[in-house]
Amino acid sequence: MMGIKMDVFLVEGPNKLSGEVRISTSKNSSLPIMAATILSKKKIALSQLPHLRDIRTMRKLLESLGCRIEIHGDEHYIDPKSINHLEAPYELVKTMRASILVLGPLLARFGEAKVSLPGGCAIGARPVDLHIEGLKKLGAEIHTDKGYVLAKAKKLVGCEVDLPFPSVGATENLLMAATFAEGTTKISNAAREPEIEDLALFLCALYPELEIQGAGTHEITIKGISKDSAEADIVYTPIPDRIEAATFIIAGLMCNSDLAVVNCRPHHLESFLEKLKAMGAIFDRGEEYVHVKPCKEKLKGIDIQTEPYPGFPTDVQAQMMSLLSVVNGKSVITEKIFENRFMHVPELVRMGAQISLDGNKAVVEGNSILEGAPVMCTDLRASAALVLTSLVANGKTRIQRVYHVDRGYEGIDKKFFDLGAKIKRLNEPME
Ligand code: EPZ
């Protein structure tokens, strides 16, 4: 396409990493918390939000509703007082599925919302039926028309909502909608991700009268409050990004390096760290760090199944596949959350990884000799897997469409460069 320039990464491998990398604030905690500011009647300060494309998209979405947002240093000041528009347009929603998270808070505060259906994405159809069914149970009238979800609710009334699947987004939308619902709402089979707990902590910090029990477990109870309830003046910092932390821990292991991953929460990564231990990985851990030691020769293959939290996170599956392709022995990865989350496989195979697919299973032969090659990003975590593989591959790798990586990793090239990797970002005409 003439004239269009896009960022690419140029990586030369293999690499040794050393030093310390500081993990950024979680994308998947920041996005629902930004949406939850719609529930506020006054300006809120969110601190340390990561500089990511998706955060910018959510900011644009909130501003399109009428929020006024200012950024001073590390603080986002979001003022939802002037919301005067209740529609999330397709142009924004199509670029970020998490836009659906404004549905619950708009319904709760204004009794009305028009949100474009997210449409599929690279990793699957990703419907929002569980969001819609749950909100209907709370009393919303919802129907879809011309690709939009149209929702109205004179009032929301608390009740028991039993989720057929512990959907993260559906749990978050219901949690936000239940805030102003009359009476008590109980969400059963709720998602248990740390980001759910963080959202609940934010809501209770914002509204001290709000009582939420069980966030982070499979049963959450919310005692709804009046919209006029008093709000506290808060500056809220979401939790660190557990998926970014896992990505850098894997990088340390793949590059056989001594690498400290700091400002992370190892207790949000138990199932992942258990798998690494079972593979023979050597690392120290504390409350807020994981320190990886050189141990690549000892690492052996292991079978992985992705599960809802606290099981092995699907968002680390692609990065784990990169690691498993360079350790001793065979591994089988079973992806049980998304129906199409192996888009990274053909690109990894082009770099020499020996991976064969059979439905939702990937068989990964270890000890692959990886060679640099021109590759293309397809989705966020697949892109992270390509970056990881390029760090250990022999020779040059040119990674195109890195905008996928920039959605969820704050300056990943600079972080790896500061750890000693031969990586640079170029802005080149798109082929
Ligand atoms: C969140 O997506 C994360 N995104 C995803 O991270 C993560 O992969 C996913 O949770 C699972 O952990 C954010 O938090 C912004 P789900 P979400 O609802 O809420 C199906 C990343 O890389 N489903 O738990 O969309 C759905 O199709 C991203 O950072 C329905 O069928 O995940 C999928 O197969 C990718 N109907 C499964 O459930 C629904 O109404 C998990 O979806 C909702 C979901």
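Contact here means heavy atoms within 4.5 Å of each other, and that cut-off applies wherever this tour says that residues touch. The model is predicted, so local features need pLDDT of at least 70 and side-chain atom pairs count only at pLDDT 80 or more, while totals for chains, interfaces and linings use all residues. Residues are numbered from 1 along each chain as its sequence is written, and side-chain values use heavy atoms, with hydrogens and water left out.

**Whole chain**

The protein has 14 helices and 24 strands, where helices (H or I, at least four residues) and strands (E, at least two) are DSSP runs numbered from the N terminus. Buried residues make up 57% of the 431 residues; buried means under 20% relative accessible area, exposed over 50%, and partly exposed in between (1.4 Å probe, protein chains only). Among contacts between residues at least 6 apart in sequence, 73% join residues at least 24 apart.

**Strand S13 and Ile222**

Next select Ile222, which lies in strand S13 (residues 219-223) and counts as buried because its relative accessibility is 0%. Leaving aside residues up to four places away in sequence, Ile222 touches Leu175, Ala178, Thr179, Gly183, Thr184, Thr185, Ile187, Leu210, Glu211 and Ile212. For Thr185, 37 residues away along the chain, the C-alpha atom is separated from that of Ile222 by 5.2 Å.

**Helix H6 and its cap**

Move to helix H6 (residues 168-178), of which 10 of the 11 residues are buried, so that the helix is largely enclosed by the rest of the structure. The buried residues of H6 include Leu174, Leu175 and Met176. Now select Ser167, in the loop between S10 and H6, which counts as buried at 13% relative accessibility. Ser167 caps the N-terminal end of H6, with a side-chain oxygen 2.9 Å from the backbone nitrogen of Ala170. Beyond residues up to four places away in sequence, Ser167 touches Leu130, His131 and Ala191.

**Helix H5**

Leu130 and His131 are among the buried residues of helix H5 (residues 129-137), together with Ile132, Gly134 and Leu135. What covers these buried residues includes helix H4 (103-110), strand S8 (141-145), strand S9 (148-152), strand S10 (160-162) and H6. Following H5, look at Gly139, whose phi is positive, near 110°.

**Helices H8 and H10**

Select helix H8 (residues 242-254) together with helix H10 (residues 317-324), which pack at an angle of about 5° with their axes 10 Å apart. The contact is made by Ile243, Thr247, Ile250, Leu253 and Met254 of H8 and by Gln319, Met320, Ser322 and Leu323 of H10.

**Backbone details in the loops**

Two cis peptide bonds can be visited in turn. One joins Gly13 and Pro14, with omega about 0°, and Pro14 is found in the loop between strand S1 (5-13) and strand S2 (18-22). Another runs from Tyr309 to Pro310, with omega near 10°, and Pro310 lies in the loop between strand S18 (304-305) and H10.

Finish with Asn189, in the loop between strand S11 (184-188) and helix H7 (194-206), which has a positive phi of about 55° although it is not a glycine and is partly exposed, with a relative accessible area of 28%. Arg401, in the loop between strand S23 (395-400) and helix H13 (403-406), has a positive phi of about 60° although it is not a glycine, and at 31% relative accessibility Arg401 counts as partly exposed.

Technical notes: Polar contact = N/O pair within 3.5 Å; in protein donor to acceptor, adjacent residues only side chain to side chain. Axes fitted to C-alpha atoms, helices over the stretch in contact; angles between N-to-C directions.
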